[in-house]
Amino acid sequence: MKVMTLNTHSWLEEDPFTKLQELTDKIVAEGYDVIALQEVNQLIQTNIVNEQQLVDFCPVMNQTPIHEDNFAYCLVQRLAEAGEAYFWSWEMSHIGYDKYEEGNAILSKTPLDSRAYLVSETKEKENYRTRMILVAKTVIENQPIVVASCHFSWWSDAETGFAYEWQFLQKQLLTYQMPCLLMGDFNNPVGEEGYRLVAANQLKVKDSYLLAEQKSEEATIEKKIDGWENNTEALRIDYIFVPMDSKVSAYTRIFDGTNGPIVSDHFGVAVEMER
């Protein structure tokens, strides 16, 4: 099983169409089974796509309409043109940069039964602290699993931020009673309070980096970026948490200039594992 996660920072990078193609090429080359993407944007004012055009789309309840520039929609179209078909889901969390509907996406080689959970205490779409986590049931290599594409708030937002969101999501995931795969931008560095809270989870998941037999560099940001304007360190804030009984053969940092071109203000993470 091969999985990957990336905070795409979509449409906000220089030369975004080139980077979209580079992301496409990497996915085609690696053939990931499941992909989690965050900061998947679409402009508020662009045209809505007709439902009949949404091939292999797996909507959530009360689905936000997909626009023609939705980054996940553009990605799956390019993947299809390259001969790689993916089922996919997307749902928005909030308005970003006053012009985007920003959300999370999941792409999978197998059909998705998807749901979006409003995990934040705030609910207003105009508030960047509003967080919607996308969760999907699927089957990988004949094994049922629940996958979450996560983009959490920062620990510094105290009781209304990361801790609240994590505890709410964990409660929901426990109801699935099946192995979990949690991927995404947790906005909490290794070893700090938020990371320790997740590490003590009830879901029987573990940081794949710790389980990996082979591993590359771990930091997923190395400078100041949006949300980390004062950062001067190399930090790991993007994770893949896997069932703790998994055999993780390889953990690879991707889109870092070595394992693929830099396509975002975050590096991505890919894991090869057995269940």
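Here is a short chat about aromatic rings in this predicted model.

Biologist: Hi! How many aromatic pairs does the structure hold?

Modeller: There are 15 aromatic pairs in this predicted model.

Biologist: Nice. Where in the chain do Trp 11 and Phe 71 sit?

Modeller: Trp 11 is in the loop between β1 (2–7) and α1 (16–30), while Phe 71 belongs to helix α2 (residues 71–81). They are 60 residues apart, so this pair links distant parts of the chain.

Biologist: And is Trp 11 buried or exposed?

Modeller: Trp 11 is buried, and Phe 71 is buried too. Another edge-to-face pair is Phe 152 with Phe 162, at 5.1 Å centre to centre and 70° between the planes.

Biologist: What does the pair of Phe 152 and Phe 162 tie together?

Modeller: Phe 152 is in the loop between β7 (143–151) and α3 (162–174), and Phe 162 is in helix α3, so their pairing ties together parts 10 residues apart in sequence. Both Phe 152 and Phe 162 are buried.

Biologist: Which residues form one aromatic cluster with Phe 152 and Phe 162?

Modeller: The cluster also takes in Trp 155, Trp 166, Phe 186, Tyr 195, Tyr 239 and Phe 241.

Biologist: Changing topic to lysines: which ring face does Lys 109 lie over?

Modeller: That would be Tyr 86, with Lys 109 at 4.5 Å from the ring centre.

Biologist: What about Lys 2, over which face does it lie?

Modeller: Lys 2 lies over the face of Tyr 32, at 5.9 Å from the ring centre.

Definitions and conventions: Residues numbered from 1 in each chain as written. Predicted model: local features only at pLDDT ≥ 70, side-chain atom pairs only at ≥ 80, totals over all residues. Heavy atoms only, no water. Phe/Tyr/Trp six-rings, centres within 6.5 Å; stacked < 30°, edge-to-face > 60°. Helix = DSSP H or I, 4+ residues; strand = E, 2+ residues; numbered from the N terminus. Buried < 20%, exposed > 50% of the residue type's maximum accessible area, 1.4 Å probe, protein only. Lys NZ or Arg CZ within 6 Å of the ring centre and 35° of its normal.
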